[in-house]
Amino acid sequence: MLKTVLKEIGISASKIQRFAHLSQPFPCTSLKLTLLHNMCYNIIQYVEYACSHRFVTRRQKVDCNDKKCRFSNMHNAEEHNCINTCLQSMMAAQGLVMDTDNNSCSGCLTNGTH
Ligand SMILES: [Zn+2]
Ligand SMILES: [Zn+2]
Ligand SMILES: [Zn+2]
């Protein structure tokens with residue numbers, strides 16, 4: 001199922017597996033909204049160059065929209081006992097290699113190591 005989805009949006013499963021340690025990877029923003037909506041987290045998208053260096057291309061915060069979450073845009077603006085009533089942590093960031101480049105990165109090209 002997941003493989004089918006990934007194929008449709010042009011992501012090979014082998015790329016995703018590099019991030020297996022980051023819990024479940026999400027192929028795109030719309031999918032994760034249905035999977036996880038009760039905790040804020042960041043999606044970090046990377047491009048990977050032929051030299052295997054990775055660069056962040058996009059960071060995106062996913063908001064849980066919970067009034068009782070310290071990180072949410074909906075967080076209770078009134079005075080309250082935040083530490084004891086609100087969620088004080090975000091879920092670990094989810095990393096995804098969204099793109100690959102057949103060239104070495106500019107740093108490697110400059111240094112002439114490739
Ligand atoms: Zn939240
Ligand atoms: Zn609070
Ligand atoms: Zn490089």
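This is a predicted model: local features need pLDDT of at least 70, side-chain atom pairs count only at pLDDT 80 or more; totals for chains, interfaces and linings use all residues.

Visitor: What is the phi of S52 near?
Guide: Most residues other than glycine have a negative phi. S52 is not a glycine, yet its phi is positive. The value is near 75°.

Visitor: Which loop holds N65, and is N65 exposed or only partly exposed?
Guide: N65 lies in the loop between strand 2 and helix 4 (82–85), and its phi is positive too, at about 60°. It has 13 other C-beta atoms within 10 Å. Exposed residues have 12 or fewer and buried ones 20 or more, so N65 counts as partly exposed.

Visitor: Zooming out, how many helices and strands does the protein chain have?
Guide: Read the elements from the N terminus on and you get α-α-α-β-β-α-β-α. That comes to 5 helices and 3 strands.

Visitor: In what order do the strands line up in the sheet?
Guide: It's an open sheet of 3 strands with mixed pairing. Strand 2 and strand 3 (94–101) are the edge strands, each pairing on one side only. Neighbouring strands are turned by 20° against each other on average, direction ignored. The order is 2-1-3.

Visitor: How many bridges join strand 1 to strand 2, and which residue is the bridge partner of N42?
Guide: Strands of a sheet pair through backbone hydrogen bonds, either parallel or antiparallel. Strand 1 and strand 2 run antiparallel, with 8 bridges joining them. In strand 2, the partner of N42 is K61.

Visitor: What share of the protein chain is buried?
Guide: The chain has 114 residues. To count as buried, a residue needs 20 or more other C-beta atoms within 10 Å. Those that do make up 13%.

Visitor: Which element has the lowest mean pLDDT?
Guide: For the protein chain the mean pLDDT is 76, and 65% of the residues reach 70 or more. Over residues 8–36 the pLDDT is below 50. Among the elements, helix 4 has the highest mean, 96. The lowest, 45, belongs to helix 3 (residues 29–35).

Conventions:
Residues are numbered from 1 along each chain as its sequence is written. Chains are lettered from A and ligands numbered from 1 in the order in which they are written. Helices (H or I, at least four residues) and strands (E, at least two) are DSSP runs, numbered from the N terminus. Two strands pair if DSSP finds at least two bridges between them. Axes are lines fitted to C-alpha atoms, for helices over the stretch in contact, and angles run from 0 to 180 degrees between N-to-C directions. pLDDT is the predictor's confidence in each residue, from 0 to 100. Two residues are in contact if their C-beta atoms, placed from the backbone, lie within 7 Å.
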